[in-house]
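I am opening a notebook on a structure that is new to me. The entries below record what I looked up.

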Amino acid sequence: MKILVIDAQGGGVGKQLIAAIKQRMQDVLITAVGTNSTATAAMLKAGADHAATGENAVVTACRKADVIIGPVGIVIADALLGEITPVMSVAVARSDAKRILLPFDHCDNIIVGVSDFHVGRLVQGAVAELAKIQGNR
């Protein structure tokens, strides 16, 4: 299974996701794409198999992924302090991949009905959903 993890800013969420996926699953290929080099470096350090940075990397990787994981902002243009471009959000939204989105109330996007979970709990929930998808393949 080809997994794409997209993150912005410091890459902390992506780093935690990749570490948790690697710990729980084998036979997955993780590509990390950061909106900036700091996010990409953090995810690569966490164990991503491949990594790239920037808008075109997001577009290209979305075409090849089976599952895309990241904060909900990756499908909202100008989210994550403006690091998600409209082209990036459209690429994620139009991808044939399954999407696992972590609900964060950041950058003026408020998700009603979502409890205020800690990042660790959201990461574990995302990995559990990924395991379900892997089991259905």
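Is aspartate 27 buried or exposed? I looked up its relative accessibility, which is 69%, so aspartate 27 counts as exposed. The cut-offs I used are under 20% relative accessible area for buried, over 50% for exposed, and partly exposed in between, with a 1.4 Å probe and protein chains only.

Before going on, I note that this is a predicted model, in which local features need pLDDT of at least 70, side-chain atom pairs count only at pLDDT 80 or more, and totals for chains, interfaces and linings use all residues. Residues are numbered from 1 along each chain as its sequence is written, and side-chain values use heavy atoms, with hydrogens and water left out.

Entry on phi. I found aspartate 27 in the loop between α1 (12–24) and β2. Helices (H or I, at least four residues) and strands (E, at least two) are DSSP runs, numbered from the N terminus. Phi of aspartate 27 is near 60 degrees, a positive value in a residue other than glycine. Most residues other than glycine have a negative phi. I then looked up leucine 81, in helix α4 (residues 79–82). Its phi is also positive, near 60 degrees, and leucine 81 is exposed, with a relative accessible area of 69%.

Entry on aspartate 7. I placed this residue in strand β1 (residues 2–7). Aspartate 7 is buried yet has no salt bridge (a side-chain nitrogen of Lys or Arg within 4 Å of a carboxyl oxygen of Asp or Glu). The nearest side chain of opposite charge is lysine 15, 10 Å away; Lys and Arg count as positive, Asp and Glu as negative, and His and the chain ends are not counted. A polar atom of the aspartate 7 side chain lies 2.7 Å from the backbone nitrogen of glycine 14.

Entry on strands. Two strands pair if DSSP finds at least two bridges between them. I looked at β1 and β4, which run parallel and are joined by three bridges; isoleucine 3 stands opposite valine 67 in β4. Five bridges join β4 to strand β5 (residues 98–102), again parallel, and proline 71 has leucine 102 in β5 as its bridge partner.

How many residues of strand β4 (residues 67–71) are buried? I found five of the five, so the strand is largely enclosed by the rest of the structure.

Last, strand β2 (residues 29–34) runs parallel to strand β3 (residues 50–53), with four bridges between them. Alanine 32 stands opposite alanine 51 in β3.

Methods: A polar contact is a pair of N or O atoms within 3.5 Å; within protein, one must be able to donate a hydrogen and the other to accept it, and residues adjacent in sequence count only if both atoms are side-chain atoms.
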